[in-house]
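The following note is written for a reader who is new to structural models. Please keep the sequence and the structure at hand while reading the numbered points.

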Amino acid sequence: MSLKIVYKFLVLSIFLGLTACSSKKNTTASRAYHNLTAYYNYYYNAYDSYKSGINRADAAYQYNYTLPLPMLLVGDDQVSGSVTGEMDRAINKCTALINRHSITIKPQRKKGLITGKEKEFYNQTEFVRWARESWLLVGQAQTWKGDFEKARLTLEYILIQFPNATIWYHAQVWLARVSIITGDYVDALDRLKSIDANRRKPKDKEFVHLLSSTWAFYHLKQKQNSEAIPFIKKSIENSNRKSDRLRYSYILAQIQQQAGKNAEATIYYKKVLRMNPPYEMAFSIRIKLIALGNLQGESLKRELLRLAKDDKNKDYLDQLYYTLGSIERQEGNIDKAIEYFTLSAKLSTVNNNQKGMSYLVLADHFFGKLNYTTAQTYYDSAYNALDKNFPDYQRLEVKNRHLTKLVDNLNIIKTEDSLLRVANMPTKERDALIAKIISDLQAEEQKAKALEQEERQQSMLYQESQRNRMTNEPSGGKWYFYNPASISYGQSEFQMKWGKRKLEDNWRRKNKRILSLDELSDGSSVSDTSKNPQKQLSNKSPEYYLVNLPVNDSLKALSNGRILEAMEKVAEVYQNDLGDINEAKMAYLKLAERFAETSQASTAYYNLYKLSVLHNSNTEAQSYKNMLLQKYPTSPYSLLLSNPNYVEELNRKQNEGNEFYERAYQYYTSNNYAEALKLISEGVVRFKGTELEPKFRLLEALCLGKTSDLRTFKAALDNTSKAFPNTEQGQLASSMYSYLEQRELQLISGEAGIDVPQPEEIADSLSKVVYNSPSGEHMFILLVPKRSDINQLKFNIVSFNVDYFIETDLSVANQPLNDFVEIITVTGFRDEKLAVKYYNLIKQNERVFSIVRKEDYQIFAISIENFAVFLTDKSVADYLRFFKENYSTEN
C-alpha cells in the first residue's frame, strides 16, 4: 500500500471515525446477555459518576445561612458548573449503553392465547431494563448540568415511550422540577397533582422523598412557607442522605423563625445540632440560638463577641459581625452598626454571599443618606459578590447601573476640572506641582526597593540554611523529584530569581504577545507607540504629566465639552433614575450658570421649570420661566411657554416637512433617483435635528443603493444606523446592512435580490483600499455562508490536498469574516505561482464544493500581506476585482 493511500486512509479515519454495529435478536438469552453487560459495563459506571457529581455539589456548595437555604441544589447556578464533568460522563455512558444494548425489536410471539402480563410484555418499546433506566439518568444528569431544554425533551420522550414503566412517574416529577426551575409553576402544579391523584404511583421511600421534596421546592419558590412545611417534614422522614436531612431541618427552623415562632425555631435548630452538622452550620446555629435566647442587650452582644475570640471561628466572623450589626441597627446605634457591618465585609474569607450582604446593608445606609458616591462603591461590591439568585438581585443591578453612571460622570467633571485648573496655573507653579509629584513617586520607589532588598537578603539567608540542611539530611530518594528537601530548595531558588510565576508557555518572556490572524482581523498591527505619546514617556518626566493638559484653546474647548455632557447626564440621573429632585435642581442650576451661553442652559432652565410645576412650587416655577424668557427668548422652550400657538405652528412645519419628504419618496419610487437625491440634500439641511432627518438619510441610502456600488450602499446604511440608533429608520438601516453582509456572496455572483452593480461595473476609483502587488507566501481562500457544513468542506479540501498536493505541507483552518460568512483557509504556498496552480485545479474539482450552491461561495488566492488588509477591509467585491486583474488564472 502506497504512502499516499495510507495517509488518505488516516485522514478519512480522523474526519469520519470508525464505527461498528451489530444486529440484536430479541430472545430470552439475548435479553439476559444485554441486561447483564449493560449494567456492569455501562450503567453501574454511569450511575456512580452521577452520584459522584451530586456528592461533589453537596460538598462544594457555599451556603448563606443568613438567607433561607435552598430546598434543592439542582438548578442552582453555583452547582451546574461544578458537576458538568461527572454528568457528561454519565450521559456518555448511558448513550453508549442505549446504542449498543437497546433491544426494540419485538420477540416472536408464542402460539395460542396469551395472558395480560404477556401482552404487556409484548407491547413494550424497550426490552432491556437498563436502557430504559439510562433514559431517565440522562434526563436527570441534563437537569443537574442546567441544560433544561434537553432535559425536558429527554424526560418527555420517556413519557411517550414508557407509559407503563416505573420510570414514567420519576420522569413526571423531574419534569415538574424543570418547570419550577424555569418558572413555569402552572405546568409544575399540573404534573404534581396528576401524580398525587394516580393510585399506581410508586410507594418506596426513594420516590416518596422525590415527590415530597419537589412539592416543598414548588411552595418555597413561591414564598408559600406554611404550605411547604408538611412536605419538608415528609422529605426528612424519607431521605437517605444526611446532608439533605440537615438542610431540610435547618429550613424548617428558618421558616419558624421568620414567622416569629421562636420556640419552635429553637427546637428545630437544636435538632440539627444533635445531628452533628458541619462546623459552619453548627456555628450559624449557635449564633441564632444566642439571638433567640433570653439574653438581651449587652449580655447578648457579649456572648456573641465571646465567640469571636475563638480561633476556630475566624472563617465565620462575617456571620457573627453581621448579626451584631443587625442588633445594633435595631437598637438605633447606627455608627456601631456600620462598624460591625464593615468588619463583617472585611473579615469575610470564604462566603461571598455574606460579604455581599454586608456591602449591601452599607450601600443602602449611605444611599439613604444621599451619599451616592460612597453608596455606589458598596453597591458595586455587593453586585459583584452576591449570587444571581439573591433576592432582589435585579433591583440591585439596576441601582448599581444608575449610580455607576452618576459616579462615572461626576469623576469626568472632577478630572476635567483638575486638568483645567492645572493648565491655567502659572508655569512656575505648575512645574513645582509636577516636580513634587515626581519627587513623591521617587521616594515611594526607593522605599519599595529597600523593602525588596530586605526580602532578598532574608531569602538568601533562607537559601543558605536550606543548603546546610540538605547537606546534613539523608536523601528522601535517588531521583530529584523523590527528594522533598531538593524540591523545596529548588522551588525557593526559583522564586528568589524569578518570583512567583504562573505555569504557562513563554513564562520567561516579559511580553508574551504574538500577532495572529485573528488579531489582524480586528485591525491590529505591531504596536505603534507614537499614537499614544504617554507610552513613550517615563512617569518621572514632566512631559508625562503635561501631555493630557488642555493648554490651548481647542483642547480647553474639548475639555469643557466633556464637562458639559457629563453635567447633563448627572442631572438626568438625579431626576429620572434616582428621583432625587433637590439634587437634580442643583445639578441643572450648576449647568445653567457655568454654561450660560449654550443651548443646554435653556434646556436646564426648562427642566427646572417643569420640576417646580410638578412639585407645586409655583413661585419657583415662575422665577425659572422668567429667567428662560429673558435669557433665551428664541429657544424652543421660550417659544413654547410664551406662544400659545407654538405647538400648532410646529405641527404646521412638521406637515410641510412631511410633504417635502413625500415628494422625494415619490421620485424614488418612480426610479428618478437623481431628482430624489437633490430633494434629499435640501431636506437634510432644512429639517436637520427633527424626526425627519433619519427618514431623509435612510431614503438617501436607498437611492445610493440604486445608483452606486455595494460598498457605498453599505457605508450609507451603516452611517444611518450609527447616527440614529434609537429610531425606526436607524434600526431598519441596521437590519438592511446585516442582510447585505449575509448575502454579500450572492450579490457578487449576481444571484441576490437587491439590484446593485456587479464588481465588473464598478470603477477603480471607487475602491478605498489599496492592495499590494502579489508576492511572497500565499493562501487559498474559500468564502461560504456560516450555515454551511464547514467540517465537511474542510474534509473535502483535505482529501483534495492528499490527492493532488501530497508533497506540499498544507494546513486547512477556518475563521469568521463577519457574522454571516466563514473563511476556510489553505496555507503553505511558497509563492503566487503555486497558489494559482492550486486555485485552477480545485476550481475544476466539483466534488470539493458539491455541498454548497455555486452562487453561495467564492474562491481566490491571496498573499499573506494582502490577507491582513482583506480582513480589515472585509470587502469581498473589491478584492475579487483586484484578484481578477492581477492574477493569471484559467477561465
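**Note on salt bridges, surface patches and backbone**

1. Aspartate 244 has a relative accessible area of 10% and is therefore buried. The model under review is a predicted one. Aspartate 244 forms a salt bridge with arginine 247, and the closest N and O atoms of the two are 3.1 Å apart. Both residues belong to helix α12, which covers residues 242–258, and they are three residues apart, about one turn of the helix. Arginine 247 is buried as well, with a relative accessible area of 3%.

2. Aspartate 244 and arginine 247 are linked with Asp58 and Arg241 in a network of salt bridges. How many salt bridges does a search of the whole structure find? The search finds 24.

3. A salt bridge may also connect separate elements. Arginine 191 and glutamate 156 form such a bridge, with their closest N and O atoms 3.9 Å apart. Arginine 191 lies in helix α9 (residues 185–196) and glutamate 156 in helix α7 (residues 148–161), so this pair ties together parts that are 35 residues apart in sequence. Is arginine 191 buried or exposed? Arginine 191 has 14% relative accessibility and therefore counts as buried, whereas glutamate 156, at 29%, counts as partly exposed.

4. Another salt bridge joins two loops. The side chains of aspartate 856 and arginine 787 meet at 3.2 Å, N to O. Aspartate 856 lies in the loop between α38 (832–844) and β4 (858–863), and arginine 787 lies in the loop between β1 (778–785) and α37 (790–804), so the pair ties together parts that are 69 residues apart in sequence.

5. Which residues gather in a patch of positive charge on the surface? They are Lys233, Lys270, Lys271 and Arg274. Helix α13, spanning residues 262–274, supplies the largest share of this positive patch, namely three residues. Arginine 274 is found in helix α13, and its relative accessible area of 65% means that arginine 274 is exposed.

6. A nonpolar patch is also present on the surface. Val551, Leu555 and Leu558 make this patch, which has an area of about 250 Å². Leucine 558 lies in helix α26, residues 553–577. Because its relative accessible area is 51%, leucine 558 is classed as exposed.

7. In general, most residues other than glycine have a negative phi. Asparagine 276 has a positive phi of about 60°, although it is not a glycine. This asparagine 276 is found in the loop between α13 and α14, the latter covering residues 279–292. With a relative accessible area of 57%, asparagine 276 is exposed.

8. Where does asparagine 616 lie? Its place is the loop between α28 (599–614) and α29 (618–631). At 64% relative accessibility, asparagine 616 counts as exposed.

9. A last point concerns phenylalanine 366, which is found in helix α18 (residues 352–368). A residue is called buried when its relative accessible area is under 20%; phenylalanine 366 has 17% and is therefore buried. How far apart in space are phenylalanine 366 and glutamine 376, C-alpha to C-alpha? The distance is 8.9 Å, and the two are 10 residues apart in sequence.

Technical notes
Residues are numbered from 1 along each chain as its sequence is written. This is a predicted model: local features need pLDDT of at least 70, side-chain atom pairs count only at pLDDT 80 or more; totals for chains, interfaces and linings use all residues. Side-chain values use heavy atoms; hydrogens and water are left out. Patches are made of residues with over 30% relative accessible area and no salt bridge: like charges are joined within 9 Å, nonpolar side chains (Val, Leu, Ile, Met, Phe, Trp, Tyr) within 5 Å. Accessible areas come from the Shrake-Rupley method with a 1.4 Å probe; for residues, only the protein chains shown count as cover. A salt bridge is a side-chain nitrogen of Lys or Arg within 4 Å of a carboxyl oxygen of Asp or Glu. Lys and Arg count as positive and Asp and Glu as negative; His and the chain ends are not counted. The place of a charge is taken as NZ of Lys, CZ of Arg, CG of Asp or CD of Glu. Helices (H or I, at least four residues) and strands (E, at least two) are DSSP runs, numbered from the N terminus. Buried means under 20% relative accessible area, exposed over 50%, partly exposed in between (1.4 Å probe, protein chains only).
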